[in-house]
Amino acid sequence: MAYEMRAGQGSLFKNDQKTTDKHPNLKGRVMLPNGEVRWVSGWTKTNVAGEKWISLSIGELCQVQGQAAPSGGYGQPAYAAPVQQAPARKIDLDDDIPF
């Protein structure tokens, strides 16, 4: 069964192409509530007490409707999940008022 992105959800994966401390430990995609699919990066950090935590950054759009997805990066595939649009509704502009 294939993974289907839903609004408000995403995935992070280990960044196999990390070469410096400035590169994120984790990379992935997230679908925002408005349907935009964006890149997300994560850095694992440790506080003074020795507790680990993850710092996140949400980046550029993965795919703009009607355009090709950008090439992958940091080990990510060169595709993005399609953004679904609601079907257009027909608007009745009949202004006849029965008086």
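Predicted model: local features only at pLDDT ≥ 70, side-chain atom pairs only at ≥ 80, totals over all residues.
A residue is called buried when its relative accessible area is under 20%, exposed when that area is over 50%, and partly exposed in between.

**The whole chain**

Begin with the entire chain displayed as a cartoon. There are 4 strands and 0 helices to find, and along the sequence they give the pattern β-β-β-β. Colour the 99 residues by burial: 20% of them are buried. For contacts between residues at least 6 apart in sequence, 28% link residues at least 24 apart.

**The sheet**

Next, select the 4 strands together. They make up an open sheet with antiparallel pairing, in the order E1-E2-E3-E4. Which strands stand at the edges? Strand E1 (9-14) and strand E4 (52-61) do; each has a single partner strand, so one side of each lacks a neighbour in the sheet. From one strand to the next, the twist averages 25°.

**Strand E2**

Turn the view to inspect both faces, which are covered. Leu26, Gly28 and Val30 are buried on one side, while Lys27, Arg29 and Met31 are buried on the other.

Follow the chain from E2 to E3 through their hairpin, where 5 residues lie between the strands. Within this hairpin, select glycine 35, which takes a positive phi near 95°.

A salt bridge requires a side-chain nitrogen of Lys or Arg within 4 Å of a carboxyl oxygen of Asp or Glu.

What does the side chain of lysine 27 contact instead? A polar contact of 3.0 Å joins it to the side chain of serine 41. Select serine 41, which is found in strand E3 and stands opposite lysine 27. Serine 41 is buried, because its relative accessible area is 10%, a value under the 20% limit.

To see the surroundings of serine 41, show the residues in contact with it, leaving aside neighbours within four places in sequence. These are Pro24, Leu26, Lys27, Ser55, Leu56 and Ser57.

**The salt bridge**

For the last stop, consider charge pairing. Side chains of opposite charge can pair when their charged atoms come close. How many salt bridges does the structure hold? It holds 1. Select arginine 38 and glutamate 36, which form a salt bridge with their closest N and O atoms 3.1 Å apart.

Finally, check the accessibility of each partner. Arginine 38 has a relative accessible area of 22% and is therefore partly exposed. Glutamate 36, with a relative accessible area of 28%, is also partly exposed.

Key: Residues numbered from 1 in each chain as written. Heavy atoms only, no water. Buried < 20%, exposed > 50% of the residue type's maximum accessible area, 1.4 Å probe, protein only. Polar contact = N/O pair within 3.5 Å; in protein donor to acceptor, adjacent residues only side chain to side chain. Pairing = 2+ DSSP bridges. Helix = DSSP H or I, 4+ residues; strand = E, 2+ residues; numbered from the N terminus. Axes fitted to C-alpha atoms, helices over the stretch in contact; angles between N-to-C directions. Contact = heavy atoms within 4.5 Å.
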